[in-house]
Amino acid sequence: MAMAPHAFPNENLDINSTVIRETPDVPSNSSDNNTTSGPQLDIKGPKIGDHSVIKNGPIVNKNDLKQEHYLIVYNHFLKNMLKSTNNELTHDIVCKLLLRIYKDNDAAKTKDIAYNILKKNNFDLSAGDINHYFDAISGNLDDKQCAKYFNCNKNFFDDNIIHKRLIDSDKIQVSDSILKKYGSDYDGRILELILKVFHDYSEGDAVKIITKIVNNREIEHVKKDGVNYCIDYVYSTDMTKKMLNDMIDGRYGNHYFFEMKKIQLSKIANGILIIPLLFPL
C-alpha cells in the first residue's frame with residue numbers, strides 16, 4: 001500500500017530559533033474546530049506589559065473569492081493530482097484533497113466541498129465516508145476504527161496527521177511581540193513554557209500561544225536540517241491542553257502541581273480584588 005508523502009513546513013510561518021524537542025507520550029483527541037473557529041479573541045486577564053491581541057476567527061480567502069471559484073480551484077487541484085500518477089490510492093487522494101481545502105476553510109466547509117468535488121469526479125464516497133477521512137487525518141481514529149473504515153492501520157495516516165496539525169498551527173494567529181516574549185527563552189522544556197504563559201493568560205489563550213511556539217520551533221529545526229528532514233512530531237492544541245491540565249492535576253510531579261496551584265490562586269485573588277472596584281459599597 002502506497003504511503004502518503006511526508007509533510008513539509010509551511011513557508012509562511014514566522015519562526016526564530018532552534019528547537020530542543022521534548023515529546024512526552026500524549027494522545028491526541030482533537031475536535032474538528034478547536035483551532036479554527038470562534039470569535040475574535042482579545043487577550044485579557046493577568047499579563048505584564050504586553051497588550052497585543054491574539055485573533056482567531058473563520059478562515060477566509062484573502063481575495064474574498066466566491067465558493068464557485070473555490071470549487072474550480074480545488075477541482076483543478078484534484079484533476080492534476082489524478083494526472084500525476086496512475087498508482088495513487090483513493091486514501092491518498094482524499095487525504096490530500098481534504099488537507100488542501102482545509103488550508104482555506106473550517107472543518108465543516110472542508111468536508112462539504114470535498115464531498116461535492118469527489119462526487120463530481122465519480123468517487124463513490126458518502127458524506128459519512130468523508131467525515132471518517134477527516135477524523136483519520138485529525139488523529140481521532142484508533143487502529144481498530146481505521147481497519148473498520150479503511151482496511152488499514154492508523155500508521156497509514158501519520159503523515160497526514162502531522163500535516164493537519166501544521167495547518168492548525170498556521171491558522172493560530174499570535175502577535176509577533178507575544179511570540180518573541182515567550183519564545184525567546186524557550187529551550188524545549190514545554191512544561192516550563194506552560195508555567196510562564198499560563199501565568200499571564202487564560203487556559204484557552206495559553207494553549208494557543210504554547211502550541212504555536214512549540215510547533216514553530218519544530219519547523220525551524222527542520223528548515224535548518226534541510227528539506228530532506230521530515231517533520232515527525234508536532235503538537236495539536238488538544239495535546240497542549242492535556243499537558244496543562246495534567247500539570248494542574250499533579251501528573252507531572254509535585255513541583256509543577258504546586259506551581260500551577262500558585263498561579264490559579266493568584267488569578268482568583270486578582271479577581272477578588274477587582275470586584276470591590278467594580279461594585280463599590
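Which cysteine sulfur is closest to the sulfur of Cys152, and is that sulfur close enough for a bond or too far? Point 5 comes back to this.

1. A word on the model. This is a predicted model, where local features need pLDDT of at least 70, side-chain atom pairs count only at pLDDT 80 or more, and totals for chains, interfaces and linings use all residues. Residues are numbered from 1 along each chain as its sequence is written, and side-chain values use heavy atoms, with hydrogens and water left out.

2. The largest core. Start with the largest nonpolar core, which has 32 residues. Such a core is a set of buried Ala, Val, Leu, Ile, Met, Phe, Trp, Tyr and Cys residues joined through side-chain atoms within 4.5 Å; buried means under 20% relative accessible area, exposed over 50%, and partly exposed in between, with a 1.4 Å probe and protein chains only. Among the residues with the most contacts inside this core are Leu78, Tyr133, Phe150 and Phe157. The elements giving two or more residues to this core are H1 (67–84), H2 (90–102), H3 (107–120), H4 (127–137), H5 (143–150) and H6 (158–171), and H2 gives the most, with eight residues. Helices (H or I, at least four residues) and strands (E, at least two) are DSSP runs, numbered from the N terminus.

3. Not counting residues up to four places away in sequence, Phe157 touches Cys95, Tyr133, Ala136, Ile137, Cys146, Phe150 and Cys152; contact means heavy atoms within 4.5 Å. Another core, of 29 residues, lies apart from the largest one, and includes Leu179, Tyr182, Ile213 and Met247.

4. H2 is mostly covered, with 10 of its 13 residues buried, including His91, Asp92 and Tyr102. From its first C-alpha to its last, H2 reaches 18 Å, close to the 18 Å expected at 1.5 Å a residue; the expected span is 1.5 Å times one less than the number of residues. H6 is mostly covered too: 11 of its 14 residues are buried, among them Asp159, Lys164 and Arg165. The end C-alpha atoms of H6 are 20 Å apart, which agrees with the 20 Å its 14 residues should span.

5. Back to the cysteines. The sulfur closest to that of Cys152 belongs to Cys146, and because the two are 5.8 Å apart, they are too far for a bond. A disulfide here is a pair of cysteine sulfur atoms within 2.5 Å, and by this rule the count is zero. Both cysteines are buried: Cys146 has a relative accessible area of 1% and Cys152 one of 9%.
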